[in-house]
Amino acid sequence: MARRLRFTGTDSKNGGCPALHEDTKSGEIIVQGPPLTDPEDLARLKHFGPEDRAVVVPRELLVNHGPKETHRVSELISPEEFGKLFHHFEHSAWHLETRRGYASDREDDGYAEFLETGVAPMDLDSDWCQNITAQTKAGKQVGRVRVVDQPPTEGQRFLLSYARCNAATGEDARCITRADAEAALLPDEDFWLFDSRIVAILRFDDEDVFHDVEVITNPAEVLRYCQVRDAAVHASIPYDAFAAQLTD
């Protein structure tokens, strides 16, 4: 089976080699670069087997784009601290929404209305919608890409209907099938990215209950999530076009 390779980075300004990739399943790092071919140089390499190949890469490539530690130490914040980020971000907030359902949605009165009518209510007077509307009117960018199964789960159908409310606040609401998300090597993590410098990974239990948030601020790791955002936006389509495809 082919590896699931995710491009990590290159210091080349024209997109060529050398470069690093990561196997998203095994965590192995794939080094791409010009081969070392001088016999005298190869003879000096220790433990160099007959099937091995040596490549030459600048030190800066490994420093800038290589993994910094094997295990990240989690920095957790409470849901209350997480909520404050939506009031204090400076220019952008973006969400990759990967779960098949959210307990908080099922507990909402609007969910019961959706089950009865097939249409989620507009709640533009809610605290969430009023804040996001104020942020986008101030010129800030807010968006999300929702990963949707085929067929969609009940929770995903609710969110597809609710997306018109997201759009009414000024959000760029987009969707992508789970198959296309996997092809684009998008992670299963459900996260928000604030100002391209703070990653907030949402953590849930097996019952889809939101518990806490892991915050990442290491620039090298944040860059990876920025790349995920770019790939997700590129591979997704606006929510209304996505919903229309489901009814065709």
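This report describes salt bridges, a pair of helices, some backbone features and a surface patch in one protein structure.

The structure is a predicted model, in which local features need pLDDT of at least 70, side-chain atom pairs count only at pLDDT 80 or more, and totals for chains, interfaces and linings use all residues. Residues are numbered from 1 along each chain as its sequence is written, and side-chain values use heavy atoms, with hydrogens and water left out.

## Salt bridges

Side chains of opposite charge can pair when their charged atoms come close. A salt bridge is defined here as a side-chain nitrogen of Lys or Arg within 4 Å of a carboxyl oxygen of Asp or Glu. The structure holds 13 of these bridges. The table presents examples.

| Pair | N to O distance |
|---|---|
| R6 and E22 | 2.3 Å |
| E97 and R146 | 2.4 Å |
| D212 and R203 | 2.9 Å |

The salt bridge between R6 and E22 links distant parts of the chain, since R6 belongs to strand 1 (residues 5-9) and E22 to strand 2 (residues 19-23), 16 residues apart. Helices (H or I, at least four residues) and strands (E, at least two) are DSSP runs, numbered from the N terminus. Burial is judged by relative accessible area with a 1.4 Å probe and protein chains only: buried means under 20%, exposed over 50%, and partly exposed in between. R6 is buried, with a relative accessible area of 12%, whereas E22 is partly exposed at 22%.

The salt bridge between E97 and R146 joins strand 5 (residues 92-97), which contains E97, to strand 6, which contains R146, so the pair ties together parts that are 49 residues apart in sequence. E97 is buried at 5% relative accessibility, and R146 is buried at 5% as well. Both residues belong to a network of salt bridges that links E97, R144, R146 and E171. In the pair of D212 and R203, R203 is partly exposed, with a relative accessible area of 32%.

## Two helices

Two packed helices are described by the angle between their axes and the distance between the axes. The axes of helix 5 (residues 109-117) and helix 7 (residues 154-168) come within 11 Å and cross at roughly 100°. Helix 5 is therefore roughly perpendicular to helix 7. Axes are lines fitted to C-alpha atoms, for helices over the stretch in contact, and angles run from 0 to 180 degrees between N-to-C directions. Angles under 35 degrees count as roughly parallel, over 145 as roughly antiparallel, 65 to 115 as roughly perpendicular, and the rest as oblique. In helix 5, G110, Y111, F114 and L115 meet E154, G155, R157, F158 and S161 of helix 7, where contact means heavy atoms within 4.5 Å.

## Backbone features in loops

A cis peptide bond, with omega about 0°, joins Q150 and P151. P151 is found in the loop between strand 6 (141-148) and helix 7.

H47 is not a glycine, yet its phi is positive, near 60°. The loop between helix 1 and helix 2 holds H47, which is exposed at 80% relative accessible area. D195, also not a glycine, has a positive phi of about 55°. The place of D195 is the loop between strand 8 (191-194) and strand 9 (198-204), and D195 is buried at 7% relative accessibility.

## A nonpolar surface patch

On the surface, I29, V31 and V55 form a nonpolar patch with about 190 Å² of accessible area together. Patches are made of residues with over 30% relative accessible area and no salt bridge, with like charges joined within 9 Å and nonpolar side chains (Val, Leu, Ile, Met, Phe, Trp, Tyr) within 5 Å. Accessible areas come from the Shrake-Rupley method with a 1.4 Å probe; for residues, only the protein chains shown count as cover. V55 lies in the loop between helix 1 (39-43) and helix 2 (59-65) and is partly exposed, with a relative accessible area of 36%.
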